[in-house]
Amino acid sequence: MMAEVAAAEAQGLRRVASAAARPRRAPWRRDGRTAFLLLAPTLAVFGVFVLFPIVFSFYLSFQQWNLFSGAHTFVGGANYRAVFADPEFWQVFRNTAVYTLATVPLNMALALGVAVLLARRMRGKRLLRAAFFTPVVVSSVAAGVIWRWVFDPNLGLFNVSLGALGLPAVDWTSNGTSAMAALIIVGVWKTFGVNMVLFSAGLSGIPRQYYEAAAMDGARAWGQFRHITLPLLAPTTLFVLVLSMIGSFQVFDIVFVLTRGGPLGATKVLVYYLYEHAFKYFDMGYASAVAYLLFALLFAITLVQIRAFRNRGAGAV
Amino acid sequence: MQRRASLGGLRLALPAALGLGLLAAGCGGGEEAEGGRTRVVFWHSFVNSTIPALDELVARFEREHPDIDLVPQYIPTGDALVQKLITAVRSNTAPDVSWIHADYLEDLVAADAIYPMSEFIDGPDGLSPADLADIYPALLTYASYRGTLYSLPMEATNLGLLYNRDLFREAGLDPDRPPATWDELVAYSQRLTLDRNGDGRFERIGFAVPVSPGTGPDGPWMVWQFTAFLMQAGGDIIDSGQTRVLYAHEPGRQALNLWKRLFDLQNQRQFSNEYQSTFVSQQAAMMLDGPWNLPNYPRLLRGIDWGIAPLPAGPDGPATVVGGEYLAIFRQSAHPEAAWTFVKWVASPEIQAFWSQRSGYLPIRRSVLELPAYRAFLAENPGLRAYAEQMAVARAQRSVDFSSLEIQRNLAVAIEQATVGGEDPGAVLDRAAAASNALLDAADRTAVAAPRPAPAPNGAQPVE
C-alpha cells in the first residue's frame, strides 16, 4: 500500500513538474472540460483514498489518538519527540538502512546483468524474462511462507543443500545476521524482475549504431558496456535507483511473513514498527509521526539522488 | 486468549475470510431476515476443523429459537479480529455478538463498545448465582475488566503436554509415565534428544520450548504458554492493585530459567521454530498444546502413537493456564436481547456438553463433567479427558488492566532475549519489569468509570 502511495506521489510530482513547463490552462476550458470529466472518477478515488489519508495522517501526527475510542487531543510535537526518544526506533532504522544498502545495489546489479544478457539474440529469451519476472507477481505472503520453509533450520531446503555440499548449516531464524541475509535474499529475488524490465526497456532505447561504431574502433564488450551502455542508461538507472530505495525503505510484507521481525528484533523494519504502533497498540498519532519521518527521509534521499545524477550528467556533456 | 490456528485451519482461513467478507458486504444493513426473524450476527475465529461443529450448533440454536436467524461470520484471529472490531465499531457496523480476547477489554470498555454482561445476567432473563458459580472462576476472571463482567465464556481450553509415545518407547521411557515434574521434563528431554550423525546439531529434540519472535504475531501466544510455568512456580503477572508487574520475582525467574535450560540443552537455537511441524515429523517428542487441535490429530498424526498429559508440576505444584473464547454483546446491536438469548443458551450445561462433544473444546461449567453422557464421552476420548481433568488445576493469570498489550510484549521480548539471545533471565526480566512498571505509573486510572459490582474472586455470585 505504501509503495503505491509513494508511486502515486512520485507521479503527481512529475505531473506538476511537466504542467509547470507548459503554459497554464484552466481545466474547464473546451477539451479540458472533457478531460476533467473523464478524469473525475479517478480523481475522486485518488482524493478519497490517497490524498485525504495523506493529509489526515499529517494532522494525526500531532494528535494523541486511540483508534478505538476515537477521542483525540492535540499534543504538538510530542509524538515526534517520543519517536526520537525510543531506542527501538533507532534499531529499526538501522535495520532498514542495512536492508536497503544491501538490497538496492544487489538488486540493481542483478537486474542490469540479466537485462544485458537477455538483450542478446538467444533462444528462450521470453521464457527466461517471464521466469525472472514471476516473483514480482507472486503474492508476497505466499512467497514468504515458501521461503520460511526453505530457510527452516532443520527441515529447510537451504540447510539440507548446504549439508549435502559438506558445508555447515546456517541458523537462519535465530541468528540476527543470517536472518537479515535471508531477508535480503528474498527481497532481491522478489523485486529485481521489475528493475530488469525497466533496464531492458532502457537498453532497447540505445541506438545500435553506437555499438557498431565502437566495435569498429576496436572496443571490447566491457568497454562498450562502460562507455556506451552505462552513460546512456543513466536516466533509467536513476529511475530504478529512486524506486528501489523507496521500495526497500518500505519493505513490510516479506518481513511480516518470513521473520516476523525476529530474532530479537534484528529484522524489524520501519514500516513493521509503524504497523505495530498503528494496528497493535492503536496509537495512530505515533504511527503517523513515524510515517511522516519516513516520508521526509525518502524525500531527502530522492532529492540528493536526483541532484547527484544531474550534476554528473552535466559534467559528462 | 490467543488461539493457534491449526495447520489445516490456516489453509482455508484466507479464502474463507474473503468469501465471508463479500457475503457480509452483500447483506449489510438488513436487520430483519426473511420471515420476520431477528438477525443476530456472530463473529468468531474458529479454525477450519471446528466449522462443521459450529454449523451443528447454529442449526440446533435456530431449531430451538425459530424467531432468531443466527449468522456466524468468520474473522481471522489475533490482530485481524481486533482490527475488524475497531473498524466495525467506528463505522457503526459492529456485530451483535462477537468473540473477544481478554486483551481487548481495556479498549472495548474505554470506547463503550460493549454492554457489561452483568446487565443481562441481572436482568429478568438472567443467570442465577448458582449458574455463575458453576462456571470455572478462572474463566470469569478473564471475562472481566476491572472487576466487572463484560463477557461470558463460550468454551474452555487449557494447556497440556502432547507427547509421542513411540519415541518414548524408543528412548526407553515408559509411555504411560509422562514427565510429572520440571526435573523429569528436563531429564526426559535429555533422553529424547538425538544427534544421529554426530555433527553437533540435533535431529530430534525432547521438548519444543515454544519460543517465537517477541514482538511478532505469536508473542502473546508464547506469553500465554509461559504463564503456565509461571503459575507452576507460584507466580503471577501483576499485583492486585495493578501497580507493579510480578513476573520478575522469583517464580518468574525459575520459570524462565527452566525454559532457558531446556532451550540451551537441546540447542534449540539451531532448531526449527515451526513447532507443530517438528512434532508431526517426529523431530520433537513433546510439545505444549491445547484441546482445539484434537479433532485434527487423527489425520495429522496418522501412524503416530500420541498421548496428552497434564503439564509437569513445578516448585509450587501442578498448574496450567486456562483459556477460552469470550462472547461480548455490542452496544450497536439492534437486538441485544436476542444476542443475549444466544450467549445464555451457549452457556447452559446441556449445550456445553453438546458443544464440547462436537468441537473438542472443554465445557465452561463444572457440572457438565458430572453428566453421565458426558462422562461416557470422555471415557472414549482420553485426550480430551486429560484436558478436562486438568481443569482442576487450571488457573487464570490476573489480567492487566492498563497497557496490557505493551506489558505482555515486554515479557515476550524478555523470554526471547533469555533463550535465543542467551542473556541472563534475571537481568532481562528486571528490564522488562522496569519498562512495564513505568507504563503502570503513567496509566490514567480515572479513565474508566467506577467498576460495577463483580463476581467474587472465588467465582461466586455478583451482588447488585
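This is a predicted model: local features need pLDDT of at least 70, side-chain atom pairs count only at pLDDT 80 or more; totals for chains, interfaces and linings use all residues.
## Domains of chain B

## Overall make-up of chain B

Chain B contains 19 helices and twelve strands. Of its 464 residues, 50% are buried. Among the contacts in chain B with a separation of 6 or more, 76% join residues 24 or more positions apart.

Strand β1 (residues 38-44) of chain B pairs with strand β2 (residues 68-74) of chain B in the parallel sense, over seven bridges. Within this pair, B:His44 is placed opposite B:Tyr74 in β2(B).

## Domains of chain A

The domain assignment of chain A also gives two domains, domain 1 (1-60) and domain 2 (81-316). Here the contact takes six residues from domain 1 of chain A and nine residues from domain 2 of chain A. The elements supplying two or more residues to the side of domain 1 of chain A that touches domain 2 of chain A are α1 (2-21) and α2 (31-60) of chain A. That side of domain 1 of chain A consists of five nonpolar residues and one polar residue, with no charged residue.

## Contact between the chains

The two chains meet through 27 residues of chain B and 24 residues of chain A. On the chain B side, α3 (79-90), α4 (105-110) and α18 (404-419) of chain B each provide at least two residues. The residues of chain B that touch chain A divide into eight nonpolar, eleven polar and eight charged.

## The largest nonpolar core

The largest nonpolar core has 185 residues, and the members that touch the most others are A:Val290, B:Leu139, B:Tyr326, B:Ala328, B:Val343 and B:Ile415. Helix α8 (residues 176-204) of chain A supplies the largest share of this core, ten residues.

B:Ile415 illustrates the contacts of one such member. With residues up to four places away in sequence left out, B:Ile415 touches B:Val211, B:Gly214, B:Met222, B:Phe226, B:Leu256 and B:Trp259.

## Loop residues in chain B

B:Pro315 lies in the loop between β10 (306-309) and β11 (320-329) of chain B. This proline counts as partly exposed because 15 C-beta neighbours lie inside 10 Å, and a residue is partly exposed when its count falls between the limits of 12 or fewer for exposed and 20 or more for buried. The C-alpha atom of B:Pro315 is separated by 6.4 Å from that of B:Gln232, although these residues are 83 residues apart along the chain. Beyond four places in sequence, B:Pro315 touches B:Ala233, B:Gly234 and B:Gln254.

B:Arg146 is situated in the loop between β4 (144-145) and β5 (148-149) of chain B. Although B:Arg146 is not a glycine, its phi is positive, at about 50 degrees. With 19 other C-beta atoms within 10 Å, B:Arg146 is partly exposed.

## A loop with a cis peptide bond in chain A

The loop between α12 (253-258) and α13 (270-279) of chain A contains A:Pro263. The peptide bond from A:Gly262 to A:Pro263 is cis, with omega near -5 degrees.

A:Leu264 is also placed in the loop between α12 and α13 of chain A. Phi of A:Leu264 is positive, near 55 degrees, in a residue other than glycine. A:Leu264 is classed as buried because 23 other C-beta atoms lie within 10 Å.

Definitions and conventions. Residues are numbered from 1 along each chain as its sequence is written. Chains are lettered from A and ligands numbered from 1 in the order in which they are written. Two strands pair if DSSP finds at least two bridges between them. Helices (H or I, at least four residues) and strands (E, at least two) are DSSP runs, numbered from the N terminus. A nonpolar core is a set of buried Ala, Val, Leu, Ile, Met, Phe, Trp, Tyr and Cys residues joined through C-beta atoms within 7 Å. Two residues are in contact if their C-beta atoms, placed from the backbone, lie within 7 Å. Ala, Val, Leu, Ile, Met, Phe, Trp, Tyr, Cys and Pro count as nonpolar, Asp, Glu, Lys and Arg as charged, and the others, Gly among them, as polar. Domain bounds come from an automatic or database domain assignment.
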